[in-house]
Amino acid sequence: MNNDEYDIETLAVRAGTVRSQFNEHSEAIFLTSSFMFGSAAEAAARFKGEQPGPIYARFANPTVNMMEARLAALEGAERCVAFSSGMASILATVMGLMKAGEHVVASRSIFGSTVQLFSNILGRFGVETTYVSPTDPAEWRAAVKPNTKLFFVESPSNPLTEVSDIRALADIAHEVGAWLAVDNCFCSPALQKPLELGADIVIHSATKYLDGQGRVLGGAVLGSKELMEGVFTFLRTAGPTLSAFNAWVILKGMETLSLRMEAHSRNALALAQWLEAQPQVARVWYPGLPSHPQHELAMRQQKTGGGIVSFELKGGKDAAWTLIDATKLLSITANLGDTKSTITHPASTTHSRMTIEQRAAAGISDGLVRIAAGLESVADIQADLARGLA
Ligand SMILES: *Cc1c(COP(=O)(O)O)cnc(C)c1O
C-alpha cells in the first residue's frame, strides 16, 4: 500500500501486513529461527543480498518485519529497525552510528537508564556526554564541541513533562553537523512525529504505548535508510533482537494506538484540571494545561498533552506516600503506557539513583507524584486519589 495516501488510523491497522500462502486475514506469528532456500544458488544469492528474503531470525523475521514496516509508516520513516527493548534501541543507535572520541549532547531530563547508559557504560568506551536543559536551545548550542555527533532528547520529559522545541534542536544539530535523536516514547506517533519536525532519528520503547497493555518489552530505531544501515548492522552482528512473539503483540497493539492515546490524553487532562483545583496540591505539570511553562509549544508540536500528569503535594514525602498507599485502584508501579493507571513516587523509585543535589536541580521534589493515566473511568481514578488527598 502507498503510505502517503492514508491517515495514521488506517496505517495503524493495515500498513506492513504481509500474508503467507494461506492468505490469513490477521497477521501471523512466524516462530522459526531460520529459513530455507530452494537451492544452493538461492542460498548464495540470499547471503550476498542479491535476493530479498529472510535468512536467520537474529536479523530478519516476517513478523518482526511487519511490525517494523507498520511503525515506519506511523512515524513517516524510510526504515525502522526493531530491538528487544527500548534500552537496546538506544544502545544500538550509538553503537551503530558513533565511535570512540565522539560526543553526545543530551537533555538532562531523560530516562534514568539512558543516563546510566551514556554516563557509565558508553563513557567507558570513549563516548562522552554533556547534559543540558531540555527547554533551553541556547544551552545545546553552547555545549557543542568539534566532535559532537548526536543530540538526544525526550519530549515531554519524565516525570515533569518538560517540552523541548524539536525543530529548534534539529536546526542547531544540523548547523553543527550532528544528528538529532528523539525518544518518542511518551507521545508515540499518534501524538507527535519528530521526523516531520526535523529530527533525524526516532527511538521507541515499544514496551510503553505501542504495546499499550503492559505485556512485552520491545524497542525500535527509525530514520533514513542511510542512517538505519549502521543501526541494522549492529543488530545483525550483536543480536539484541526482538522476538517474533513480542513483535506480534506490538504489531496488534499498534492497531488501537490512536484510540488509546486520545483516551489516555482525555483522562490525563481531566485529572490535571481536577488536581490543579485541590488545596493539598502545590503544583501540577501537564502540557495540556495553560499553566504549563511550554503549553503553547506543546500544543503546536503534539496533538494532545499526552497521558502523563505529575503533581507536587504541599505535604512533601509523607503526603505523597500517604496518597499512594491509600489508592485501591491505581497500580503502584513505575511502568507507564498501560491500560491500567499507574502511580509513582519518582524521588524514591525511578529517580532514586540520582543524588539529592541532582534531583533538586532536575526539580524532582519529595512531594512529587507521577500518574500515568490509564483507560479506566476518570471518575473512578479521581475517587481513588480523593481518598488519599483527604
Ligand atoms: C521505558 C523507557 C525506556 C526504556 O525502554 P525499555 O523498553 O524498558 O528498555 C526508554 N525511554 C523512555 C522514555 C522510557 O519510558
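So, to start: axes here are lines fitted to C-alpha atoms, for helices over the stretch in contact, and angles run from 0 to 180 degrees between N-to-C directions. Helices (H or I, at least four residues) and strands (E, at least two) are DSSP runs, numbered from the N terminus.

A quick word on the model. It's a predicted one, so local features need pLDDT of at least 70 and side-chain atom pairs count only at pLDDT 80 or more, while totals for chains, interfaces and linings use all residues. Residues are numbered from 1 along each chain as its sequence is written, and side-chain values use heavy atoms, with hydrogens and water left out.

H12 (residues 316–326) packs with H14 (residues 378–389) at an angle of about 135°, and their axes are 8 Å apart. That makes H12 oblique to H14 (under 35 degrees counts as roughly parallel, over 145 as roughly antiparallel, 65 to 115 as roughly perpendicular, and the rest as oblique).

Who's touching whom? On the H12 side we have Thr-322, Leu-323 and Ala-326, and on the H14 side Leu-385, Arg-387, Gly-388 and Leu-389. Contact means heavy atoms within 4.5 Å. The residues in this H12 and H14 contact split into four nonpolar, two polar and one charged. For the record, Ala, Val, Leu, Ile, Met, Phe, Trp, Tyr, Cys and Pro count as nonpolar, Asp, Glu, Lys and Arg as charged, and the others, Gly among them, as polar.

Now the sheets. Two strands pair if DSSP finds at least two bridges between them.

Zoom in on S1: five bridges join it to S7 (residues 219–223), and the two run antiparallel. Val-81 stands opposite Val-221 in S7.

The crossing of H3 and H9 is left-handed. Here, the residues of the H3 and H9 contact divide into eight nonpolar, one polar and one charged.

There's also a five-strand open sheet, ordered S8-S9-S12-S11-S10, again with mixed pairing. In this sheet, S9 (residues 308–313) and S12 (residues 368–372) run antiparallel, joined by five bridges, and Val-309 stands opposite Ile-371 in S12. Helix H10 (residues 257–276) lies across S8, S9 and S12, at about 15° to S9.

Last stop: Ala-100, in the loop between H4 and S2 (103–107). Is Ala-100 buried or exposed? It's exposed, with a relative accessible area of 55% (buried is under 20%, exposed over 50%, partly exposed in between, with a 1.4 Å probe and protein chains only). The C-alpha atoms of Ala-100 and Gly-126 are separated by 4.4 Å, although these residues are 26 apart along the chain.

Note on methods:
Left-handed = near helix turned anticlockwise from the far one by under 90°.
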